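Let's take a walk through this model together.

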Amino acid sequence: MPGEGPLQAALMSVHIELDALFLVHQRALLDRDVPRARDAFARFRDVLLRHAAGEEAVVLPLYVACGGDATDSPSAQFRLEHDKLRRFLDELGPRLDALAPPIEDRELLAILDRE
């Protein structure tokens, strides 16, 4: 991307990593490999939570200092999205923990649909 700085590049690389981790999780679900799906989800969750915490501690204060709150995407909007993601993680973890083979199609589709 033209004009991409080191911070933007680092943030985008984490987003690419998150996409890849979540894909591993979903492929494991499709394979009905519950332990692998849980493990991939745990790795995804850890990276996502660390990333959100870093954005909130470092990136958003810089964003605000540079006038970001005067745009149509104020820092509060990013924090709300992070809160939404945390609630999603808190909801999905127990659903995965409750999965036990054999996984019925309806149960698998309900999780994938929610994701």
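Start with Phe44, which is buried at a relative accessible area of 10%; buried means under 20% relative accessible area, exposed over 50%, and partly exposed in between, using a 1.4 Å probe and protein chains only. Before going on, a word on the ground rules: this is a predicted model, where local features need pLDDT of at least 70 and side-chain atom pairs count only at pLDDT 80 or more, while totals for chains, interfaces and linings use all residues. Residues are numbered from 1 along each chain as its sequence is written, and side-chain values use heavy atoms, with hydrogens and water left out.

What does Phe44 touch, leaving aside its neighbours within four places in sequence? Its contacts (heavy atoms within 4.5 Å) are with Leu18, Leu21, Phe22 and Leu89. Phe44 also belongs to the largest nonpolar core, which has 20 residues, and is listed with Leu29 and Leu99 as having the most contacts inside it. Such a core is a set of buried Ala, Val, Leu, Ile, Met, Phe, Trp, Tyr and Cys residues joined through side-chain atoms within 4.5 Å. Helices H1 (6-30), H2 (34-65), H3 (75-98) and H4 (105-114) each give two or more residues to this core. In soluble globular proteins, nonpolar side chains tend to be buried together.

Now for the rings. The whole structure holds 3 aromatic pairs, counting rings of Phe, Tyr and Trp (its six-membered ring) whose centres lie within 6.5 Å; planes under 30 degrees apart are stacked, over 60 edge-to-face, and the rest tilted. Phe41 and Phe44 make a tilted pair, 6.4 Å centre to centre with 35° between the planes. They sit 3 residues apart in helix H2, so about one helical turn separates them. Phe41 is buried too, at 5%. Ring pairs also bring in Phe22, making a cluster of Phe22, Phe41 and Phe44.

Elsewhere, Tyr63 and Phe78 have ring centres 5.5 Å apart and planes at 80°, so this pair is edge-to-face. The pair links distant parts of the chain, with Tyr63 in helix H2 and Phe78 in helix H3, 15 residues apart. Tyr63 is partly exposed at 25% relative accessibility, and Phe78 is partly exposed at 33%.

Just after H2, Gly67 takes a positive phi of about 95°.

Step back, and the chain has 4 helices and 0 strands, both being DSSP runs numbered from the N terminus (helices are H or I, at least four residues; strands are E, at least two). The C-alpha atoms fill a box of roughly 55 × 25 × 20 Å along the principal axes. Buried residues make up 29% of the 115 residues.

Finally, find Arg114 in helix H4. Arg114 is partly exposed, at 39%. Leaving aside neighbours within four places in sequence, Arg114 is in contact with Phe88, Glu91 and Arg95.
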